[in-house]
Amino acid sequence: MGSLFFFFVSWWGFILQAVAIVHFIRRRPDTYWLFVILIGGWLGALVYILVEVIPDAGLLRSSFQAFPRRRRIRELEQAILDNPSAGNYEELGLLYLDDRDFSRARVCYDKAISSRTDSIDPFYRRGVAEVELGDFAAAVPDLERAVAKDPNYDFHRAKGLLGHAYAQTGEAEKAERLFQQATKISTSSETYYNYATFLHAQGRNEEARAWAQKILDQRRTMPGYQRRRERVWFRKAYALLARLRL
């Protein structure tokens, strides 16, 4: 009986550790958790699952939302054959952006803009797709249009992305001006990181280090759900700081 109980506990302990390690590799939380999982055995893995894995379950909603989103994409792709309206193309473009299909999103916004140009949103969203595709030269006029009409568009993200596009197209003075304006009013990790990489490219490594560190400093006051969402920027900030030490 005792050996059976020991086998049961060992088996479930192995499963708990495996789940914890897989989650750690995928989500990359603080490094000390790996030692907790490995040294603490099943108990350490259980603590990790309670503290990190279960709260992360809230982030799975976006994964579940992918199914209705893709169903709606298919519906719109069919609807556009009969009704190629600007509204249908804009909605489909936004769904493609959410699905990270930036090439198709860009095509949709091209068609939406060709038939209606009174809204800045399709220009801005096309600019986002162009930035993600690395076509910064094309992104500049689209983002300029959005920022000219509303400097605070998308919670100041438009201004930060325009600064990034300027940086990538050799417009250093314009990039500096936009980044300074954006970082005065925005605490976006994305904007901070793009500014830090711009400063690094300009050889201003101390300033770059300071802005990369700001991303990590913000983590202390972030609620748990936001820290989990921002992990990609924490990893990028750590990587940039590592390069700056070389």
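**Briefing: an all-helix chain in a predicted model**

At 27% relative accessibility, leucine 34 counts as partly exposed, a class between buried (under 20% relative accessible area) and exposed (over 50%), judged with a 1.4 Å probe and protein chains only. This is a predicted model, where local features need pLDDT of at least 70 and side-chain atom pairs count only at pLDDT 80 or more, while totals for chains, interfaces and linings use all residues. Residues are numbered from 1 along each chain as its sequence is written, and side-chain values use heavy atoms, with hydrogens and water left out.

**The chain as a whole**

- The secondary structure comes to 13 helices and zero strands, where helices (H or I, at least four residues) and strands (E, at least two) are DSSP runs numbered from the N terminus.
- Of the 246 residues in the chain, 40% count as buried.
- The accessible surface is about 14200 Å², and 57% of that belongs to carbon and sulfur atoms; such areas come from the Shrake-Rupley method with a 1.4 Å probe, and for residues only the protein chains shown count as cover.
- Take the contacts (heavy atoms within 4.5 Å) between residues at least 6 apart in sequence: 47% of them join residues at least 24 apart.

- Leucine 34, the residue we opened with, is found in helix α2.
- The C-alpha atoms of leucine 34 and alanine 45 are separated by 9.1 Å, with the two residues eleven apart along the chain.
- Leucine 50 is also found in helix α2, which covers residues 32-56, and at 52% relative accessibility leucine 50 counts as exposed.

**Helix α8, a mostly covered element**

- Helix α8 has twelve residues (157-168) and reaches 16 Å from its first C-alpha to its last, close to the 16 Å expected at 1.5 Å a residue; the expected span is 1.5 Å times one less than the number of residues.
- Nine of the twelve residues in α8 are buried, among them Lys159, His164 and Tyr166.
- The cover over these buried residues includes α6 (121-133), α7 (136-149), α9 (172-185) and α10 (189-201).
- Just after α8, glycine 170 takes a positive phi of about 80 degrees.

**Aromatic pairs around tryptophan 211**

- The whole structure holds seven aromatic pairs, meaning rings of Phe, Tyr and Trp (its six-membered ring) with centres within 6.5 Å; planes under 30 degrees apart count as stacked, over 60 as edge-to-face and the rest as tilted.
- The ring centres of tyrosine 192 and tryptophan 211 are 5.0 Å apart with planes at 70 degrees, so this pair is edge-to-face.
- Because tyrosine 192 lies in helix α10 and tryptophan 211 in helix α11 (residues 205-218), the pair ties together parts that are 19 residues apart in sequence.
- Tyrosine 192 counts as buried at 7% relative accessibility, and tryptophan 211 counts as buried at 17%.
- Tyrosine 195 and tryptophan 211 have ring centres 5.2 Å apart and planes at 55 degrees, so their pair is tilted.
- That pair links distant parts of the chain, with tyrosine 195 in helix α10 and tryptophan 211 in helix α11, 16 residues apart.
- Tyr192, Tyr195 and Trp211 belong to one aromatic cluster that also includes Phe179 and Phe198.
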